[in-house]
Amino acid sequence: MFDSAIAAQMLKAAGITRSEFAEQMGIPLTTLSSYLAPPSAVKHRMPPLALGESMIARLKQHCPKQPSDTPEFDAFIAGLTIDENSKANLRQFGDEFFSRLAHIKDKSEKEQIVGLLLGYVQGGKTTYFLGLTALALDMGYRMIIIQTGTKQNIDSQARTELHDKLFANRQTHNLAQIEWDNHASTKNKLDSLIDQQADPLVADELKPAIIITTLKNHQKIKTLAEKLKTVDLLDYYDVLVIDDESDQAGLNNNARKGGARSSTNQHITDLREALPKHVYLQVTATPQAPLMLDLLDDLSPDMAMVLKPGQDYIGGYELFASANRGNYIRTIPEKDLATYGKGSKIAREERFLAKTVPVPSLINAMYQFFLVVANCHYHKATQGNRSMMIHPCRKQAVHRKLKQWAEKIQIEALTLLRSGDIAQIRDGFKEAHTDLQSTMPDLASLDELICDNILYMAIRQTFINECNTRAGAKTPEIDWKGNFAHILVGGAALERGYVVKNLVISYLSRDAKNTNLDTMSQWQRCNGYKRQYAGEIRVYLPESIQEDYFAYAVCEREIHNEIQLANALGTDLKEVHRRLVHIAGKKHTRDSIISKARAKSMTLTNANCVPTYPLNMDVSVEHKLERFLAGCHFEDYTPDKAHGIMRCKLREFYTAVCVAPLYKDEPKYRDLDISLLRLLRELSEQPDHLDLAHLEQGADYEMELIMVNHNNSDTIYKRSVDESGFTKDLMSGNWKSSKRSQYHLGSPDRLRVLVHKLTIVRKGQEKEKEVELAKDKLTLSVFFPENYPRHTYFESDL
């Protein structure tokens, strides 16, 4: 027996018409239609059909998990204005995603899977998930729900991309879009489309696929969930739910304190319960929050994949690396910030609002933008846009002040140009022009830009927009197609998910104190596909944020490498330890979404690994270490010549000693092996490769091996442990005393491994003598370079 409901889903993929199927089964076509109809279309469900083995084999043979014919996806790819390499990456990603999804489903036997797509800020995440949408349509998904974000301008932007990239290139006429607004007419439209899907007289190729877009608003998600709970048809096919900017709003903000879920999270849970078979796909450039969830949380991902940006992408790692900062980054003095000075934040902002003269850094940034726009006009390269963003904070009063300043700077620049005083004009724009010349070889001279009023018209035709809800319920939409040059002033509306088209000058005058890293990262609208005009990019921001952004870029790379490595090794995401680079003074995300079970974390102090259970070193590792030490020649070290030091190849030490877990049941050492591998990878010439063969590139790196008390053979190097074998005193000793504090054990900028040969004792109770547990017991402690990223581990993962 073979369930006819399953056969109904497989017919189209198998290339078998209903007539052919009915003929082979020996039943009338009308009877077959009743058999294949879903429960909502017939009053009494027909019993399962007894299919012959040949028909079952044919259905299974012609119903692959990945279709060979993908017209929607092919049309979507063809309509993109990206290079062929990026198109190939997108196609490969789509194939890999659904292949991995099928594997997760088979392994877990779950019908509800949570996936996570990790992208980059302004890195093309929307294009990726729209590509998955097109491929899902080719695979037979009949309903796709897209949560577009929490703000109207982001929702409008997403729906525009959906229309331009998917609907405009669609290959079939049975694709319907619903913008969920809880109106009766919208519900009636959904009812009509679902009835068509259930109608046995509607040919399969004419049954509509439904794409529902909705704001991530608790009321809208609630009503959508209530509606879908009444649809029996959803028992019979998979649904794809895409949660764009998934780390915002949808997670449970009450996880830390317990009790009832936060409202939006509860209604997302209700929506998922209404969909018996679905993939809930989280999409974000800041995945800290989803990855830090309790592993038992409903939205803790089952699988994750990293989105690879195209070759024209410029991101935080490139912008804020120390070697590149001179090209792109300019410093806003602290005195130019709205929060500068003493007193309360409100008092400082009030003093800022009372100022009447624009700050110098803003003037220079705007003059650079005017010159960039003028240069585009000079070269007649005015396709697309050029834009500048002024992003001070979320206070609308500050937005208004900055807009007034921007308008004043624009008027004064026009007045200067109208004066006709060439010498004064040159003097006014000289600093900005000289700066741009260093990265713009095609920049016209000031005289050329002044001639024929090119610079004047560029300034005159620049539109200054205040992007917030101060003047109405919605953030005003920017007329990107109607005007070439725009300056946008705003706060929250210009953060997460919003695309500032062809942004070249960013003026980020924000105070990042007490701001979480994922929020800070979403301010980086300066990232994007800008390789063709990279020389025009300037990012103005306080010096403190520059360091934070580079540190975050390192953290981002680590997260992506961990996910890619886990996928390459076939490791279940639930088994991957959540390890995040520690950045001093910053939290990765908000505390409220982290449960009490995961709230306590541990940061390896100074990136060091010091064992607390020295008896637990693996015996095989100890024997390998003894053999390695037998061939070592140490030089005297420290003034009293107590310790010995030598340099050796890191790869040689690792392959000789660290081929097994170093310590059993030792939390701090659980990930030491992979940390050493990561260090090798970072030292290699090709750091993005994950396979061990490429680690040979770092084979010449020399670490320092230090033998503690090397020349004090007569001195007993003794440490006491408690009944469990624990000690906190391994690194105490005369070399750490204050009078010797000026001496380092090794070089702080180099990986150092200290070898200790211990006599380990357990202190007796009161008058009882201490008990010797081990003599000449070898143990290791590892000190990473001072500039090596520190990691935060969650206690529940240790």
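The chain exposes about 36,000 Å², of which carbon and sulfur atoms supply 49% (Shrake-Rupley method, 1.4 Å probe). The model is predicted, so that local features need pLDDT of at least 70 and side-chain atom pairs count only at pLDDT 80 or more, whereas totals for chains, interfaces and linings use all residues. Residues are numbered from 1 along each chain as its sequence is written, and side-chain values use heavy atoms, with hydrogens and water left out.

Of the 798 residues in the chain, 54% are buried (under 20% relative accessible area, 1.4 Å probe, protein chains only). The chain contains 26 helices and 25 strands (DSSP runs of H or I with at least four residues, and of E with at least two, numbered from the N terminus). Among contacts (heavy atoms within 4.5 Å) with a separation of 6 or more, 79% join residues 24 or more positions apart.

Beyond four places in sequence, Leu362 touches Met388, Ile390, Leu402, Trp405, Ile409 and Tyr507.

Helices 17 and 18 pack at an angle of about 145°, with axes 8 Å apart (lines fitted to C-alpha atoms over the stretch in contact, with angles from 0 to 180 degrees between N-to-C directions). Ala413, Leu416 and Leu417 of helix 17 and Gln424, Ile425 and Phe429 of helix 18 make the contact.

Notes. Buried means under 20% relative accessible area, exposed over 50%, partly exposed in between (1.4 Å probe, protein chains only).
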